[in-house]
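Please look through the sequence and the 3D view below. A short briefing follows, grouped by topic.

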Amino acid sequence: MASSSGSGSGSTGSLSTAAAMAMAAASGTEEEMRALMEQRRAKRMLSNRESARRSRMRKQRHLDDLAAQAAHLRRENAHVAAALGLTARGLQAVDAENAVLRTQAAELAARLHSLNDIIACMSASNNTAAAVALTVAAAATATTADPLGFDGASFEDFLFRSSPEMFMLI
């Protein structure tokens with residue numbers, strides 16, 4: 001580009017300026033040459049202003065785009081934070097329910113163990129009571145007269161007193 005004084009630095013703009021100066025010199029008037037240089041300078045200044053205006057517009061568009069993107073990201077961040085809060089509350093609810101269920105499972109396991117112990121005890125008592133009943137019944141049938149002096153009603157009372165668990169309803 002040519003400098004504002006009109007002297008060339010070897011670029012394309014300065015060559016055309018030099019050519020214009022040579023033409024103006026050929027025509028003989030220095031005043032025409034100055035007018036031509038002034039016209040080119042004004043054209044350059046106008047071009048530079050237009051370029052600067054386009055650059056400012058691009059910069060403003062870029063800033064507007066960045067502001068819109070920032071607003072969009074803030075909204076998205078708020079949505080993600082809300083979803084995270086809901087998920088955290090859901091997790092707390094599930095953890096609480098899980099703790100309750102674990103406690104209930106432990107209580108039920110303890111009850112089952114206790115019931116199994118009772119059944120085992122009842123089975124042992126039933127086996128013992130049945131053995132006693134068979135022994136007594138065998139002894140009663142072996143002799144025509146009851147050597148112990150039991151009648152049928154008193155025998156049932158004897159069995160009930162010896163193993164009351166056997167007659168409990170579950």
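**Salt bridges and overall picture**

Glu 38 and Arg 41 form a salt bridge through their side chains, at 3.1 Å from N to O. The model is predicted, and a search of the whole structure finds three salt bridges. The chain holds three helices and zero strands.

- Glu 38 and Arg 41 sit three residues apart in helix 2, about one turn of the helix.
- Glu 38 is partly exposed, at 42% relative accessibility, and Arg 41 is partly exposed at 29%.
- Arg 53 and Glu 50 form a salt bridge, with 2.2 Å between the closest N and O atoms.
- Arg 53 and Glu 50 are both in helix 2 and three residues apart, about one turn of the helix.
- Arg 53 is partly exposed at 36%, and Glu 50 is partly exposed at 31%.
- Arg 34 and Glu 30 form a salt bridge through their side chains, at 3.0 Å from N to O.
- Arg 34 and Glu 30 are about one helical turn apart because they are four residues apart in helix 2.
- Arg 34 counts as exposed, because its relative accessibility of 57% is over 50%.

Surface and contacts

- Of the 170 residues in the chain, 8% are buried.
- The chain exposes about 13,600 Å², and carbon and sulfur atoms supply 63% of this area.
- Among contacts with a separation of 6 or more, 47% join residues 24 or more positions apart.

Confidence

- The mean pLDDT of the chain is 78, and 63% of the residues score at least 70.
- Confidence is highest in helix 2 (residues 30–142), at a mean of 91, and lowest in helix 3 (residues 152–162), at 54.
- Residues 1–11 have a pLDDT below 50, and this stretch has 17 contacts in the model beyond near neighbours in sequence.

How values were computed. Residues are numbered from 1 along each chain as its sequence is written. This is a predicted model: local features need pLDDT of at least 70, side-chain atom pairs count only at pLDDT 80 or more; totals for chains, interfaces and linings use all residues. Side-chain values use heavy atoms; hydrogens and water are left out. Helices (H or I, at least four residues) and strands (E, at least two) are DSSP runs, numbered from the N terminus. Buried means under 20% relative accessible area, exposed over 50%, partly exposed in between (1.4 Å probe, protein chains only). Contact means heavy atoms within 4.5 Å. Accessible areas come from the Shrake-Rupley method with a 1.4 Å probe; for residues, only the protein chains shown count as cover. pLDDT is the predictor's confidence in each residue, from 0 to 100. A salt bridge is a side-chain nitrogen of Lys or Arg within 4 Å of a carboxyl oxygen of Asp or Glu.
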